[in-house]
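I open this notebook to record what I looked up, entry by entry.

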Amino acid sequence: MAHYHPNHELLMQFAAGQLGNALGIMVACHLESCAECRQTSNQFEHLGGDILESLDEVDISPDFISQTMAKLTEVALADSMSKLTETSTDSSKDTLKINSEFPKPLQRFLPASLDQLSWYGVSKNIKQFDLSFSDKKYTAKFYKIKAGKELPQHTHRGQEFTLVVDGAFSDEGGSYHKGDFILADTSIKHQPKAHADCDCICFAVTNAPLQFTGFWGKMLNPFMR
Amino acid sequence: MTLVASETSYQMDDLILRIAETQDQKAFAELTVLAAPRLKAYAIRCGSHIDDAEELVQECLLTVWRKAHQFNPKTARSTTWLYTIIRNRRIDMGRKNKLDIVQSDDLWPEAESDLLEDDIERDLTGSLVRTLLYSLPDEQRQIVFKVYFEGKSHSEIAGELDLPLGTIKSRLRLAMKKLDTLAKEQVSWLTIILIMNF
């Protein structure tokens with residue numbers, strides 16, 4: 001069970017359908033494994049329903065109903081046609097996904113297994129993989145920190161959201177495990193270290209690159225953009 | 001506060017169930033009449049152009065037709081369910097024709113629903129909801145609406161209203177508390193957010 005969670009601002013924006021792609025996917029991944037946040041997000045959806053119900057009605061065009069009914073006739077016909085033909089297609093789609101190690105919201109964007117990710121090196125102990133969600137504001141990456149190794153000390157020029165996908169890591173602020181959702185910003189200077197027993201894989205979403213602060217970190221800065 | 005129970009939500013429950021059970025087109029037409037004006041209001045508030053708003057409403061209603069079998073009145077009110085459908089259609093239609101790969105199905109995979117049966121939520125009738133939301137001071141309601149309709153973050157709202165971030169957070173916290181308190185006076189409402197961690 002996760003111990004670190006997205007705050008209510010994010011959960012409300014998520015339920016409002018107003019988060020960008022990268023953050024939206026990340027919150028969805030956390031919700032998959034966190035019943036508590038799922039509950040909160042459901043409450044914000046209820047609030048969305050309340051808001052919908054509280055709106056003043058807007059007149060609809062006179063022919064809207066007849067147009068919609070005409071469209072429905074088309075849709076109903078198309079559905080009954082496709083019901084006759086669809087048998088095998090659906091099941092094959094399902095079996096494909098069962099094997100994946102990733103949270104469901106990420107599966108469509110990744111290969112079935114962690115080993116198949118085309119990691120590229122930042123250093124011997126840190127590898128990364130870029131995810132493209134066509135998000136204008138945030139970039140999304142996977143980081144892999146080798147078991148027992150640490151990232152150079154760094155701070156953030158903007159905000160960084162991290163979801164632990166596999167393994168665990170610790171920094172000055174705590175110890176984070178699979179499913180944990182961590183928010184770091186410019187006020188946090190930290191040096192995450194993977195736990196000794198296995199590699200730690202994190203899904204990170206940032207609106208600005210990391211900024212390394214130590215000597216070795218400064219050397220790395222040009223490569224981390 | 002006097003409350004007049006709104007029948008709309010129950011009426012809609014019934015119509016959606018009829019669509020699910022017998023593909024009842026007459027029920028669909030009735031639902032369209034009942035729901036379209038508010039769905040259109042939502043579309044417009046979210047920034048839909050006036051000419052596109054009805055397209056979104058139509059898409060939403062046709063999705064209701066297709067997904068009616070997934071509606072479970074024991075886990076959600078019809079209004080909440082309709083809200084999630086129009087929200088998702090809005091996201092997907094806004095992304096049509098663009099190189100945008102994330103869709104609402106990615107964000108809300110149709111997994112086995114693990115919602116707890118929540119009879120309490122059903123007690124909150126439409127008119128009560130209306131009373132609650134409109135009993136909030138304008139300055140609080142405005143912020144809630146900015147999140148839901150405009151997708152603004154707290155810091156963006158702070159910038160727009162030229163107020164400190166802390167003020168936005170505390171107004172939102174007050175709004176949630178007030179909704180909760182008011183609701184509890186009438187029915188034990190959602191246990192919504194007593195301690196907000198905004």
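Two strands pair if DSSP finds at least two bridges between them.

I noted that this is a predicted model, in which local features need pLDDT of at least 70 and side-chain atom pairs count only at pLDDT 80 or more, while totals for chains, interfaces and linings use all residues. Residues are numbered from 1 along each chain as its sequence is written, and chains are lettered from A and ligands numbered from 1 in the order in which they are written.

**Entry 1: the sheet.** I traced an open sheet of 6 strands in chain A, with antiparallel pairing and the order 1-2-3-10-5-8. Strand 1 (120-121) and strand 8 (181-184) of chain A are at the edges; each has a single partner strand, so one side of each lacks a neighbour in the sheet. I then followed strand 5 (residues 160-166) of chain A, which is joined to strand 8 of chain A by 4 bridges. There, E160(A) lies opposite A184(A).

**Entry 2: the chain contact.** How many residues does each chain bring to the contact? I recorded 43 residues from chain A and 55 residues from chain B, where two residues are in contact if their C-beta atoms, placed from the backbone, lie within 7 Å. On the side of chain A that touches chain B, helix 3 of chain A gives the most, with 11 residues.

**Entry 3: a helix pair.** I found that E45(A) and L52(A) are among the residues of helix 3 of chain A that meet helix 4 of chain B, whose residues there include Y83(B) and R87(B).

Notes:
Helix = DSSP H or I, 4+ residues; strand = E, 2+ residues; numbered from the N terminus.
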